[in-house]
Amino acid sequence: MLIEWDASFETGDQKNDDEHKYIICRLNEIWAQIGHDNDHDDMEKWILEYCNYYIRHFHSEEDLMVRAKYPDYQVHKLRHLAIIECFDSILIRLDVVKSILRDEVRGLVLTISDHMKNEDRRLARFVREHPPTR
Ligand SMILES: [Fe+2]
Ligand SMILES: [Fe+2]
């Protein structure tokens, strides 16, 4: 588990606390999936879903701050933007990893097919012409 809910997270606002609990729970789920043999597309989907939930959560907090005329609204909102930028950066890196993996798999496919078409066929031809004695 990456992060665990405890009393230090409590805001006293039930709706907000429930959303924060959900956010922590989903974060632990995503963390648990990292390192497993997951498809990068799945990972991207989970992170996007998570990020979208987070953005909705931010909107609800920001709406509350506006309605309550919260004096630190601008600073708090900037912190939200910084968190969204972290998500963007993870998604961009995931895209880079995916494209590197695709290139490497393409290279592997070329190497394998080249080996089968050339060395393995040459070996087979040789064996046909010079059958092994045992
Ligand atoms: Fe929040
Ligand atoms: Fe917030």
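Leaving out neighbours within four places in sequence, Leu27 is in contact with Leu2 and Ile3, where contact requires C-beta atoms, placed from the backbone, to lie within 7 Å. Leu27 belongs to helix H1, which covers residues 14-33; helices here are DSSP runs of H or I with at least four residues, strands are runs of E with at least two, and both are numbered from the N terminus. Leu27 counts as partly exposed because 15 C-beta neighbours fall inside 10 Å. On this scale a residue is buried if 20 or more other C-beta atoms lie within 10 Å of its own, exposed if 12 or fewer, and partly exposed in between. From Leu27 to Ala82 the C-alpha distance is 17 Å, across 55 residues of sequence.

The structure is a predicted model, in which local features need pLDDT of at least 70 and side-chain atom pairs count only at pLDDT 80 or more, while totals for chains, interfaces and linings use all residues. Residues are numbered from 1 along each chain as its sequence is written, and chains are lettered from A and ligands numbered from 1 in the order in which they are written.

Turning to the chain as a whole, the protein has three helices and zero strands, giving the pattern α-α-α along the sequence. The C-alpha atoms fill a box of roughly 90 × 25 × 15 Å along the principal axes. The radius of gyration of the chain is 26 Å, whereas a compact globule of 134 residues would have one near 14 Å; the radius is taken over C-alpha atoms, and the globule rule is 2.2 Å times the number of residues to the power 0.38. Of the 134 residues, 0% count as buried. Among contacts with a separation of 6 or more, 59% join residues 24 or more positions apart.

How do the axes of H2 and H3 sit, at what angle and how far apart? Helix H2 (residues 40-67) and helix H3 (residues 73-129) pack at about 170 degrees with their axes 11 Å apart. Axes are lines fitted to C-alpha atoms, for helices over the stretch in contact, and angles run from 0 to 180 degrees between N-to-C directions. H2 and H3 are therefore roughly antiparallel, a label for angles over 145 degrees, with under 35 being roughly parallel, 65 to 115 roughly perpendicular and the rest oblique. Residues of H2 including Ile47, Tyr54 and Phe58 meet residues of H3, among them Ile84, Phe87 and Leu91. By class, this contact has 16 nonpolar, three polar and four charged residues; Ala, Val, Leu, Ile, Met, Phe, Trp, Tyr, Cys and Pro count as nonpolar, Asp, Glu, Lys and Arg as charged, and the others, Gly among them, as polar.

H2 itself has 28 residues and reaches 40 Å from its first C-alpha to its last, close to the 40 Å expected at 1.5 Å a residue. Glu49 has its place in H2 and is exposed, with 12 other C-beta atoms within 10 Å. The C-alpha atoms of Glu49 and Trp31 are separated by 14 Å. In the loop between H2 and H3 lies Lys69, which has a positive phi of about 50 degrees although it is not a glycine. Lys69 is exposed, with 7 other C-beta atoms within 10 Å.

Notes
Contact = placed C-beta atoms within 7 Å. Expected span 1.5 Å × (residues − 1).
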